[in-house]
Amino acid sequence: MNTWLRDPTAETEAVMRARRPPPKSLDGLTVGLFDIGKTRSDEFLNQIEKRLTERGIRSKRYGKPTNAKVATREIVDQVVSGADVVLIALSD
Amino acid sequence: MAEKLEARHRGATWLAARKIEYAADADPVEVCYQRGWTDGLPVTPPTDARVIAMLKGTTRKPDEIVGRIPPNLAECTIEKVAINAVMAGCRPEYMPVLLAALDAALEPVFTLHGVLATTYFSSPIIIVNGPVAKRIGMNSGINALGQGNRANATIGRALNLIVRNVGGGRPGEADRSTLGAPSKYTLCFAEDESDPAWQPLSVARGLPPGRSAVTLFQGHGPEAFVDQKSRTPEALTKSLALSLVKIGHPKLVQSARAIVVLSPEHYAIYREAGWDRAKIERALYEATIRPGAELVAGADGVGEGIPASRSGEQVPKFHEDGLMVVRAGGAAGLFSAILPGWLAGRSRTELQPVTKEIKA
């Protein structure tokens, strides 16, 4: 005879989604540079931006005000609509 | 017995949570481990009878949605809270405290997702004020921050189990803590309110006297503070400041709050001189202001530190509201404790402790 316990979880299942294949080239694409809000992320992203510019690759800066909170839906939508690929960076 | 009868006759119909069946000869504690439901310590198996009994500890309806638990932002009902409370070892009368703690944790300014996901040591620390603490037998005295008291141990544990089980927050997944801390299992205690001259933490944070409340703080600990020789409030304040400036790193500033858990013997030094909470907290804030030149990166041959541009400033360790004093501990011992806060508090307004009245 079986017996039972009550499930303490949210009873949800993770959906595994395949990653989009990375682009073969960044030519003509816009690279989103996303600062998660740590103290020195801007220093790191400034360097990346400089190198991308030297290679003629367009970039666009995004960010959130603090690493203590997740990005809002609005911020994510801005990135989705404005960039083709995104680099999320942190640095202390 | 009533819960067992109710479980036998009605439990399967009105409890909404999924039944997880297992063979009658299996050990239900091991089933919980196999399912990944524990924090590493054994849990009390959530049977129908235990869950029904737990739900009797609150007047809130089992299907009420408390909120969405990070990181998965999964809806959490009162029934799911009760199941996790059973597993943590709570008694039904702890439910109102646990529910207030969960309500506090879900306030956006508590940043529960960040507290879980950070590489730092922090987790929710729960401080209980008001008559409920005595009613449910919480410890604010000897070993208040340690083991041995069921309410202290299990209320804090239940909150962390809810994040794990309902929210899906597990170490190595969304929980990215580099080292973690023992306080991530549980850190929950009551404030010592035995001195009527002392303003309880909940009152300092805006609730009327005599109400029961929880205050949630993003931190870890405790870290020891020993001073057996200072005999004046001025000397003790300077002494505490020496330890407070070290949290995180002595040269990091305005990035973490802290709680000072003041023991009775240390408190007596302040009380006898007529110092109240506000005066102690202000004096500690001022005593932790230091010359920027000593704190800049590279000073004293230490790489860590603040930008060189601040070398001419007098730099506070904390934001002006960054220190909270809580009274607890046994009568003997010129020891107090520091509970360091999460270092992500650079923005004073984005990240704050939260106080909630305990209702049902």
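**Close-up views of a predicted two-chain model**

**View 1. Helix α1 of chain A and the residue that follows.** Helices (H or I, at least four residues) and strands (E, at least two) are DSSP runs, numbered from the N terminus. Just after α1(A), A:Gly56 adopts a positive phi of about 75°. The model is predicted: local features need pLDDT of at least 70 and side-chain atom pairs count only at pLDDT 80 or more, while totals for chains, interfaces and linings use all residues. Residues are numbered from 1 along each chain as its sequence is written, and chains are lettered from A and ligands numbered from 1 in the order in which they are written.

**View 2. The contact between chain A and chain B.** Chain B supplies 34 residues and chain A 18 residues, two residues being in contact if their C-beta atoms, placed from the backbone, lie within 7 Å. On the side of chain B that touches chain A, β1(B) gives the most, with 5 residues. That side divides into 18 nonpolar, 9 polar and 7 charged residues. Here Ala, Val, Leu, Ile, Met, Phe, Trp, Tyr, Cys and Pro count as nonpolar, Asp, Glu, Lys and Arg as charged, and the others, Gly among them, as polar. Strand β1 (residues 2-6) of chain A runs antiparallel to β1(B), joined by 5 bridges; strands pair if DSSP finds at least two bridges between them. Within this pairing, A:Thr3 has B:Tyr22 as its bridge partner.

**View 3. The two domains of chain B.** The domain assignment, automatic or from a database, gives domain 1 (1-220 + 351-360) and domain 2 (221-340) of chain B. Their centres, taken over C-alpha atoms, are separated by 30 Å. In the contact between them, 22 residues of domain 1 of chain B meet 16 residues of domain 2 of chain B. A cis peptide bond, with omega about 5°, joins B:Gly221 and B:Pro222; B:Pro222 lies in the loop between β6 and β7 (223-226) of chain B.

**View 4. The nonpolar cores.** A nonpolar core is a set of buried Ala, Val, Leu, Ile, Met, Phe, Trp, Tyr and Cys residues joined through C-beta atoms within 7 Å. The largest has 99 residues, and B:Leu98 and B:Ile155 are among those with the most contacts inside it. Helix α5 (residues 95-105) of chain B contributes the largest share of this core, 9 residues. Both domain 1 and domain 2 of chain B give residues to this core, so it lies between them. Residues touched by B:Leu98, not counting those up to four places away in sequence, include B:Val81, B:Ala85 and B:Ile155.

**View 5. The loop between β2 and β3 of chain B.** B:Pro71 lies in the loop between β2 (65-69) and β3 of chain B, and a cis peptide bond with omega about 5° joins B:Pro70 and B:Pro71. B:Leu73 lies in the loop between β2 and β3 of chain B as well. Although not a glycine, B:Leu73 has a positive phi of about 55°. With 14 C-beta neighbours inside 10 Å, B:Leu73 counts as partly exposed; a residue is buried if 20 or more other C-beta atoms, placed from the backbone, lie within 10 Å of its own, exposed if 12 or fewer, and partly exposed in between.
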